[in-house]
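Here is a briefing on a protein model, grouped by topic.

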Amino acid sequence: MARIPANFIDEVLARVDIAELIGKRLTLKRKGKEYSARCPFHDERSASFFVSPQKQFYHCFGCGVHGSAVGFLMNYENMDFSDAVE
């Protein structure tokens, strides 16, 4: 399997709107410049999962999971890295 060049991955991440990508899978609520939701990776009653479109990452203050759009797809959709980039 060929390696995916780092500059290609950077370009993909720059093109993706992480809030839109995650918003297709979770119900996001606007909180200032960020969005919040209940974390899909652990059971919780209140929203501790935040998405930052400006910084292009997500973070859960409850369970500590965080990452980029690629990482979210890998965790949420159970994809491998190359499928998530694609």
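**Sheet and packing briefing**

Strand 4 and strand 5 (residues 66-67) run antiparallel and are joined by two bridges. Strands pair if DSSP finds at least two bridges between them. Helices (H or I, at least four residues) and strands (E, at least two) are DSSP runs, numbered from the N terminus. This is a predicted model: local features need pLDDT of at least 70, side-chain atom pairs count only at pLDDT 80 or more, and totals for chains, interfaces and linings use all residues. Residues are numbered from 1 along each chain as its sequence is written, and side-chain values use heavy atoms, with hydrogens and water left out.

- Strand 1 pairs with strand 2 (residues 34-37) over three bridges, in the antiparallel sense. Here Arg 30 stands opposite Tyr 35.
- Three bridges also connect strand 2 and strand 3, again antiparallel. Tyr 35 faces Val 51 of strand 3.
- Val 51 in turn has Tyr 58 of strand 4 as its bridge partner.
- Strand 3 (residues 49-52) is joined to strand 4 by four bridges, and the two run antiparallel. Phe 49 stands opposite Cys 60.
- On the strand 5 side, His 59 stands opposite His 66.

- Buried means under 20% relative accessible area, exposed over 50%, and partly exposed in between (1.4 Å probe, protein chains only).
- The hairpin of strand 3 and strand 4 has four residues between the strands. Gln 56 there takes a positive phi near 55 degrees.
- The hairpin of strand 4 and strand 5 has five residues between the strands. In its turn, Gly 64 has a positive phi of about 85 degrees.

- Glu 44 sits in the loop between strand 2 and strand 3.
- What is the nearest side chain of opposite charge to Glu 44? It is Arg 38, 5.5 Å away. Lys and Arg count as positive and Asp and Glu as negative; His and the chain ends are not counted.
- Glu 44 is buried yet has no salt bridge. That term requires a side-chain nitrogen of Lys or Arg within 4 Å of a carboxyl oxygen of Asp or Glu.
- The Glu 44 side chain does reach the backbone nitrogen of Cys 39, at 2.4 Å.
- Leaving aside neighbours within four places in sequence, Glu 44 is in contact (heavy atoms within 4.5 Å) with Ala 37, Arg 38, Cys 39 and Phe 49.

**Aromatic pairs**

- The structure holds eight aromatic pairs. Rings of Phe, Tyr and Trp (its six-membered ring) pair if their centres lie within 6.5 Å; planes under 30 degrees apart count as stacked, over 60 as edge-to-face and the rest as tilted.
- The ring centres of Phe 49 and Phe 72 are 6.3 Å apart and the planes are at 55 degrees, so this pair is tilted.
- That pair links distant parts of the chain, 23 residues apart: Phe 49 is in strand 3 and Phe 72 in helix 3 (residues 69-76).
- Phe 49 is buried at 0% relative accessibility. Phe 72 is buried too, with a relative accessible area of 0%.
- Phe 50 and Phe 61 have ring centres 5.7 Å apart and planes at 75 degrees, so they pair edge-to-face.
- Phe 50 lies in strand 3 and Phe 61 in the loop between strand 4 and strand 5, so the pair ties together parts eleven residues apart in sequence.
- Phe 50 is partly exposed, at 24% relative accessible area. Phe 61 is exposed, at 63%.
- One aromatic cluster is formed by Phe 41, Phe 49, Tyr 58, Phe 72 and Tyr 76.

**Helix 3**

- Ala 69, Val 70, Gly 71, Phe 72 and Leu 73 are buried in helix 3.
- The buried residues of helix 3 pack against helix 1 (6-15), helix 2 (18-23), strand 3, strand 4 and helix 4 (81-85).
- Just after helix 3, Asn 78 has a positive phi of about 55 degrees.

Conventions
Polar contact = N/O pair within 3.5 Å; in protein donor to acceptor, adjacent residues only side chain to side chain.
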